[in-house]
Amino acid sequence: MRVAGILLVEDDPSVRTALELALTRQGHSVTSYATGEEALDHIRARRPEIAILDVMLPGIDGIEVCRRVRKLDQLPVILLTARGDDLDIVVGLEAGADDYVVKPVEPRVLDARIRAVLRRAESASSDRITFGDLVIDRGALKVTLAGKEIHLTPTELRLLLELVRHPGQVLNRRYLLRAVWDHTHIADSRLVDACVQRIRAKIEPRPAEPVFIHTVRGFGYRFSPP
């Protein structure tokens with residue numbers, strides 16, 4: 001069983017203790033804090049394998065922690081958000097979060113999401129794929145555009161690879177949710193939309209006029225390189 005080095009940031013002591021105990025029972029190694037400032041200090045001193053961030057934290061909130069992490073690191077991030085806070089979910093995904101779990105958190109669901117995100121972080125093969133100036137090296141987990149390295153999170157890379165595997169084919173959101181996130185609920189389709197937006201911002205010359213990843217309204221997305 002994999003033992004993940006988890007950074008858990010939750011300001012409610014009862015919730016933090018319960019999640020830490022539950023994840024430890026699942027075989028994970030957990031370090032927990034109550035504030036975003038402590039989380040950032042920990043990440044700088046000793047990088048975890050994955051960060052679980054409550055959105056509503058005192059001082060620096062979970063979304064801002066995610067933004068700051070994303071400026072320097074592709075550390076996998078899962079957000080914990082209150083039920084019905086759709087705006088927080090959307091903003092968090094746009095900030096670079098890999099996934100989210102709605103409170104109250106079911107420990108088995110969180111454990112499954114953690115393992116799925118870590119599998120995406122490890123997923124690689126030795127082939128090199130080239131589409132004009134866009135080069136994807138799965139073995140090295142590197143993407144370059146016109147010779148310049150593009151930094152993608154593990155989830156962004158997994159989604160891009162899934163689209164690249166089916167060039168010219170429209171993949172619907174339900175399929176992508178299952179293939180990339182191991183989700184089955186179509187209500188989570190905003191994960192796909194936000195991740196596509198982030199990828200476009202990194203690989204498209206003009207994200208508003210994409211040339212690699214095209215939206216097929218009412219269906220999903222198609223990878224059609226020029």
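Two strands pair if DSSP finds at least two bridges between them. Helices (H or I, at least four residues) and strands (E, at least two) are DSSP runs, numbered from the N terminus. In strand β8, threonine 144 is the bridge partner of valine 135.

The structure described here is a predicted model, in which local features need pLDDT of at least 70 and side-chain atom pairs count only at pLDDT 80 or more, while totals for chains, interfaces and linings use all residues. Residues are numbered from 1 along each chain as its sequence is written, and side-chain values use heavy atoms, with hydrogens and water left out.

An open sheet of 4 strands has the order β6-β7-β8-β9, with antiparallel pairing. Its edge strands, each pairing on one side only, are β6 (128-131) and β9 (148-150). On average, neighbouring strands of this sheet are turned by 25° against each other, direction ignored. Axes are lines fitted to C-alpha atoms, for helices over the stretch in contact, and angles run from 0 to 180 degrees between N-to-C directions. Within the sheet, strand β7 (residues 134-137) is joined to strand β8 (residues 142-145) by 4 bridges. Helix α6 lies across β6, β7 and β8 and runs at about 110° to β7; contact means heavy atoms within 4.5 Å.

Strand β1 (residues 5-9) is joined to β2 by 5 bridges, and isoleucine 6 stands opposite valine 30 in β2.

**Helix pairs**

| Helix pair | Angle | Axis distance |
|---|---|---|
| α6 (residues 154-164) and α7 (residues 173-181) | about 125° | 10 Å |
| α2 and α3 (residues 62-72) | about 20° | 10 Å |

Angles under 35 degrees count as roughly parallel, over 145 as roughly antiparallel, 65 to 115 as roughly perpendicular and the rest as oblique. Helices α6 and α7 are therefore oblique to each other, whereas α2 and α3 are roughly parallel.

The crossing of α6 and α7 is right-handed; a crossing is left-handed if the near helix is turned anticlockwise from the far one by less than a right angle, and right-handed if clockwise. Thr155, Arg158, Leu159, Glu162 and Leu163 of α6 meet Tyr175, Leu176, Ala179, Val180 and Trp181 of α7. This contact of α6 with α7 comprises 7 nonpolar, 1 polar and 2 charged residues. In this classification Ala, Val, Leu, Ile, Met, Phe, Trp, Tyr, Cys and Pro count as nonpolar, Asp, Glu, Lys and Arg as charged, and the others, Gly among them, as polar.

The crossing of α2 and α3 is right-handed as well. Gly36, Leu40 and Ile43 of α2 make the contact with Val65, Arg68 and Val69 of α3.

A salt bridge is a side-chain nitrogen of Lys or Arg within 4 Å of a carboxyl oxygen of Asp or Glu. The structure holds 17 salt bridges, including one between the side chains of aspartate 41 and arginine 44 (2.6 Å, N to O). Aspartate 41 and arginine 44 are separated by about one helical turn because they are 3 residues apart in helix α2 (residues 36-45).
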